[in-house]
Structures are given as structure tokens and as C-alpha cells.
Amino acid sequence: MTTVLNRADAAERAVQERIARLEHELGDLDDPGNPLGADHFLAADGRQQLLPAAERLLDTFGLNAEFVPGELGGRLDRLDVLARVLRAVFRRDAALGLGYGMTSYLAAVTVWADGTEEQRRDTARLLLSGGRMACAYPEPAPGNDFLHNRLTARRDGGGYRLDGRKEALNNAVRVDSLVVFAHTPEAGDDAQTAFLLPGPGAAGPGVRLLPRRRTSGIRGCVVQGLEFTGHRLDASRLLGPEGGGTAVAERAFPVTRATGTSMALGCADTALRTTVAFARAHRSRSRASLSSARTRAALADAFTDLLLCDCLALVATRAAHLLPRESGTLSAVVKYLLPTILTEMVYDLSIVLGSEAYATTGSYGLFQKAARDLPMIGLGSAGTAASRSAIVGHLLRVPDLGEPSGTYEGHGSSEAYGDFRPYGASGTSEDGLYARLFDRTDPDLPPLRPGELTLPADGDTLLGSLPATVRRARQARGDFADALGEAAEALDGELRLLREDCARLAARPAGRRLSPRVYALADRYALIAAGAACLGVWRHGTGLLADPAWAALALARVVGRLDRGAVRVPEAGTEHLLGEVLDRFDDARSYDLYATPIGR
């Protein structure tokens, strides 16, 4: 056990050192002498471009290595670590995080999962040498209209002829490699096939860039379309088998939904940090000052929401390694719920800033930029509508949510769940089953197994953790223990009600159409999952995360969205968390589960 803990400590230190180096090189956002300071990012946003100096720094840092698996020469081994590293970039500029980084990862993940060995090696070399990629994912049926269009690839001799257009693609003009999904009629009426192409500049005839589309958020990203007219593709451009494109995309979504949304917590961090600076700068008699109860509550609530969101993101990113069958649902919950919570959080903070929430320059200009950028994370081929539909599918398959199975693999065989094996400090089965899912510093995760990501789940490990964590919450001692126990009981009660409703849903007559009320069940499921994640992180946490105060407030906010009268938020808990908010502001530490030193 000592050897395991020492290895975990060494792995966590290595991650922290990597993030610290990136934070140090990016520097202090508030330093007027920093060429990567807030004023420069705001000016670049006004010009609707990425900050060139920031792109050069990320080139030097080798950020693309974060997207390449270790066996191919990169640094990618855990999705939760990838998200932590990219938060440093999103904290400065979400457009930079998306345009420089995440767009390439969205494309590369399809190659890691389904590419040939040659395609994997070539893609790794391209990224490690500073190249960029983009991906034109297929749009699921319940997706968003902004991206709804498709390409068609018909067999032509020994290859294919590609026609059609994709209206909105990030970075199309700058990429060196492009993944596209096209309808292939000869493979089936709805068959999709994935292709790995060179970038538009080297693609040859039959490819045309469409005019740029201006967006209200992430304005530095160059979003434009691509039109293909009789573009010839060699059969070697296939990514996976003909007609297998839908499976390629479905294997990517559990990975990209959770990771990309988790990265965006860095953007929300900046919104809270800017508001704290604003409140600190006001005189005591101002309604926006820290002496105002409304301001104090808004800051503590925002911090609580960030911790809540990070708990759910942590579980979803780790589940991709540990519980691949269940990761599709958990990543859909993250993609569906987090944009809503974070957007509402920013709105509540805007009330504190008043008219300064609209400032586009100066000390508080980054708040308005974050408020525009954050809603954009809900867009994409696997957007919020598609994610909610994925949750509904889970409720139909697994109506007995959270029923403990007694097996380490969740609710199925070891063949289904691979290498998920328990260990825990106490050695109990309860600790062993869930510790690896909730422990944010545990490095011992199995590699991703893409072939299992599309297999249907036959259980729900996260909600199955609730009985144990609710019992532990009832036994908590110290300040705010009673509040935590009450909130945990309320969450458990909501799960019982949801399970009853899901049982009635499963018992409906065959052939009867689903009622629109099923989407309300998806909303409830997402919130209960977030509460279960918070309880699990509290149960296995240390330091602040082992304190009942934050967990009680997080659960109160979750349950309050389900039943406004269920739990009262303890006022003393708000004050307790506000102290942590101010301490992290003074010490320049991040507002997430890690309290990472920033900008030093």
C-alpha cells in the first residue's frame, strides 16, 4: 500500500509541475506588463482573432503533446489530467483553448480509437510537430440547427467522390488534417463513413472554403464552412470501415463531451475571480461590496457551483477509463447540465457587477467575455439536446437506477467492465468500489478501451454509490454535519421518487410513444447524478473537500433545483465558504477541486 501511495504522490506532483510551468509561462492576467495579460486577450477578442503571442507560447510549451497518447510520444494518459492542463488556457481565453487545443483533440480522438497504425503514427507526428486538426462530426438527430448538414461520399472506381457542405467548422482554414463524416449510400440508407483528409489547403480540387461565420462568443475562433464538389478520395483515406462512421463518432462522444466541458471550468473561474476583484474594490456601504449579504451569498454560491460542476466532470472523465459502458451517460450529463449551471452562475454574478458586467475593456472586461464564451460550450455535434436524449435512453435501459449490484464492475461481468479493480485505504468493499472513481489524485487508471464505450450500460455505478455515501453523511461529525445529513437524505429521497417514475416508464405498453415528460426525468437524473458525485468526492476527499460545509451547500443547491422547499441552506456555511473564496483570491489559487496556483 505504501508503494501505491508513493507512486500516486509522485504522479500527482508531476501533473502539478506541468500545470505550474504552463501557468508561469502564461503569467498573471492582471499584470499590465504581461504580453499575455487581460488587456491583450480583450484586444485580440475585439479583433476577432486569437492572440498570436499566446499561440506561440503554446507552441513552445508543446500543448499538442497533451492530446497524443504516451505510447505515440505524447503526454495523454488520463482525461481528468488533460482537462486540468487545458483549464489554464481556458482561464485566459476560451477561444484560445478551443481554437488552438480542443479542436485538434476532437479530431485526434477518432484516429486514436479507429485509425490504422499508420494513421495513428502520422497523426501523432503531425500534432507533435505543431500541426492542427479539425473534425466535421455528424449531427445526431436531436442536435442543433447551427451545425445540421451533411456530406455524401459515393463509390467512384477504387475510391469515393465527396459532395456536400459543412456550414460551421472551427479552424478549417488553418488545419493540416481534417476528419469528416459522410453519408455513404452504397453502405446503407443511413450509413455514415469517416475519412481522414489533408487540410483544405492541400486537399486538391473540389474543396472550397465558405465565408466566415461571426459568433457572439469565442470570437477569436475562425468558424467557417467547407464545400466539397466531386472531390476525389482514395480508399486509404477511410477512417475505420465503410459504413462504420456512426460507431466512430459514438466512441468519441463519451470522451469529448466530458473533457471539453471540464476544460471550460477555467473560463467560469475567471468570471468568479473578476467578480471578487470588483466586490473587493468597492466601499463598505456599496451594495456591491463584501459587506452586502447579497454579494457574499452570490460569491459563495458561485464557488459552490464550480465545485459541484467539477465533481461531476471528475467522475465523468475518470469513468471513461474505469466504467466505459457507463461513461456515455455520464459524459452526456456533464455536457447537458454544466453549461446550464455555469451560464446561470455568471448571470447571478452579473447582478453584483451591475453595469460593469457589460464592460469590454479595463479591469472587468474579462467578465463580459466569459459571459459570451460560456454558452458556446453547449453547442457542437454532441450538444445539450443530443446529450439529454442520451440520458433518456439510459433511463429506458436501466430503470432500477442506483440499485447496488455487489460487483466491482458496476452491474455486470468483469468482461464487460474490463480492468476496474478496487483498492482503498481501509480495504473495505465500499471504499474499494468507489475510491478510484472519486479520488481526484489517484493516477492508477486503466487505458481507454474505445471498443467498450459504445456498449450499453446495464447498471448505474454513480447512483449506486448513494446508499453508502448517504450513510456516511448521516454519521458525519462537526460543524455543518447536520446540514449535510439532511441534504443527503433529501437527495436519497429524490432518487427513490425518480426510480419509481422510471419503473412506471419502463412498464408502459409496448409501442406507446414517450411523453414529453420523460425529458423532465432526464433533468432530475442529471441533478441527482451531480449530487451523488459531490457526496462521493466529499467521502473520499481531504482538506477542504472532506469538510461537510461545501458538500452540504452543494447538495442544498442540487436539491433546491428539484424541490425548492426541501433543504435550507445554512447561513454559517455560506460565510465559511466565502472565507475560502477570499483566501483563494488572495493566494491566486483556482476555484475548483484542486486549488491550483495560477498566474505566478
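In helix H11 (residues 365–373), the residues Gly365, Leu366, Phe367, Gln368, Lys369, Ala370, Arg372 and Asp373 are buried, where buried means under 20% relative accessible area, exposed over 50% and partly exposed in between, with a 1.4 Å probe and protein chains only. Because 8 of its 9 residues are buried, H11 is largely enclosed by the rest of the structure. The cover over these buried residues includes helices H2 (38–46), H4 (79–92), H5 (94–114), H8 (265–280) and H10 (324–353), with contact taken as heavy atoms within 4.5 Å. Helices (H or I, at least four residues) and strands (E, at least two) are DSSP runs, numbered from the N terminus.

This is a predicted model, in which local features need pLDDT of at least 70 and side-chain atom pairs count only at pLDDT 80 or more, whereas totals for chains, interfaces and linings use all residues. Residues are numbered from 1 along each chain as its sequence is written, and side-chain values use heavy atoms, with hydrogens and water left out.

Strand S1 (residues 133–136) is covered on both faces, with Met133 and Cys135 buried on one side and Ala134 and Ala136 buried on the other. In a regular strand the side chains alternate between the two faces of the sheet. S1 pairs with strand S4 (residues 177–183) in the parallel sense over 4 bridges, pairing being assigned if DSSP finds at least two bridges between two strands, and Met133 stands opposite Ser177 in S4.

Turning to the cysteines, the count of disulfides, defined as pairs of cysteine sulfur atoms within 2.5 Å, comes to 0. The sulfur of Cys267 has its closest cysteine sulfur in Cys221, 12 Å away, which is too far for a bond. Cys267 counts as buried because its relative accessibility is 4%, and Cys502 is buried with a relative accessible area of 1%.
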